[in-house]
Amino acid sequence: YDDIFQTVKILVKNLNEAPFFTTHSASVRRLDAAEPVGTVVGTVQAEDPDADELRYTIVSGNEGDVFSVNSEGHVLTSKSTASLSGGIKNLIVRVTDSAGLVGDEDTTVSVLFVAAANAPVAQPKANTRSSSSSNGNLGAIIGGVIGALVFMALIVLAVMLLQRRQAQQDQPADAFMSSANNPMYFAPVQKGPQYASFTGGDDQ
């Protein structure tokens, strides 16, 4: 028998596979408030089976958006840490390939942030116009209160004077009523000449 050959074509389609993390900073990095912007606090590394370009993002734990991660997997501060509160910050990092396929698992970079013990708090510049306006309003309020007190004092004084005057006017009336209730007694006046009667005795 002659050998019979048949050609079979097999189409192999390359499926995109998700990237995965290989290494990350396992230890907790201490970050002081005085350290400058751009300080690296951790590093993550991932691989992609299809050799696609990878992109890292922080998806959780980024208080105040202070941290960022670059294309090399370095997690660093991207702005001032003044808004951060002290304590451990657990930054959840995710990897995505150029086709948009997300890694199966995220990884965590932990940072211990130490806030300044006596960090000075920036004070807003004084607004001269606002301050003058506030002082003017305060002066007007104080003046109004003093004026009200003086007005009340004058009213009290006027009432006292009226009561005193009324009391002085009532005194003659009281005296008259007292004399009316206790009439004076007048002895009757006898009319005509009055003669004394003498009884003479014998002259000795």
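First, the ground rules. The model is predicted, so to speak with its own limits: local features need pLDDT of at least 70, side-chain atom pairs count only at pLDDT 80 or more, and totals for chains, interfaces and linings use all residues. Residues are numbered from 1 along each chain as its sequence is written, and side-chain values use heavy atoms, with hydrogens and water left out.

Now the layout. The protein chain has one helix and eight strands. Helices here are DSSP runs of H or I with at least four residues, strands are E runs of at least two, and both are numbered from the N terminus. Along the sequence the order is β-β-β-β-β-β-β-β-α.

The chain has 204 residues, and 18% of them count as buried. Buried means under 20% relative accessible area, exposed means over 50%, and partly exposed is in between, with a 1.4 Å probe and protein chains only.

Next, contacts. A contact is heavy atoms within 4.5 Å. Take contacts between residues at least 6 apart in sequence: 64% of them join residues at least 24 apart.

On to the strands. Two strands pair if DSSP finds at least two bridges between them. Start with β6, residues 74-77. Strand β3 runs antiparallel to β6, with three bridges. In that pairing T43 stands opposite H74. Strand β5 also pairs with β6, again antiparallel and over three bridges. There, S68 has L76 as its bridge partner. Look at the hairpin of β5 and β6. Four residues sit between the strands, and G73 takes a positive phi near 90°.

Now β8. Which way does β2 run against β8, parallel or antiparallel? Parallel: β2, residues 29-32, pairs with β8 over four bridges. L31 stands opposite F113 in β8. Strand β7 joins β8 too, antiparallel, through seven bridges.

A nonpolar core is a set of buried Ala, Val, Leu, Ile, Met, Phe, Trp, Tyr and Cys residues joined through side-chain atoms within 4.5 Å. The largest one has 19 residues, and Y56, F67, V75 and V93 touch the most other members. Elements giving two or more residues to this core are β3 (40-47), β4 (54-60), β5 (67-69), β7 (87-97) and β8 (107-114). Zoom in on Y56. Leaving out residues up to four places away in sequence, Y56 touches F21, V44, Q45 and A46, among others. The list also includes V69, G73, V93 and R94.

Next, charges. Side chains of opposite charge can pair when their charged atoms come close. For a salt bridge, the cut-off is a side-chain nitrogen of Lys or Arg within 4 Å of a carboxyl oxygen of Asp or Glu. How many salt bridges are in the whole structure? Four.

One is R29 with E35, at 3.4 Å from N to O. R29 is partly exposed at 25%, and E35 is partly exposed at 24%.

Another is E63 with K89, at 2.7 Å, N to O. E63 lies in the loop between β4 and β5 and K89 in strand β7, so the pair ties together parts 26 residues apart in sequence. E63 is partly exposed at 28%, whereas K89 is buried at 7%.

Then R94 with D106, at 3.0 Å, N to O. R94 is in strand β7 and D106 in the loop between β7 and β8, 12 residues apart. R94 is partly exposed at 30%, and D106 is partly exposed at 32%.

Last, the helix surface. L138, I142, I146, V150, L154, L157 and L161 form a nonpolar patch with about 650 Å² of accessible area together. Patches take residues with over 30% relative accessible area and no salt bridge; like charges are joined within 9 Å, and nonpolar side chains (Val, Leu, Ile, Met, Phe, Trp, Tyr) within 5 Å. L161 is in helix α1, residues 128-181. L161 counts as exposed because its relative accessibility is 51%. In soluble globular proteins, nonpolar side chains tend to be buried together.

Key: Accessible areas come from the Shrake-Rupley method with a 1.4 Å probe; for residues, only the protein chains shown count as cover.
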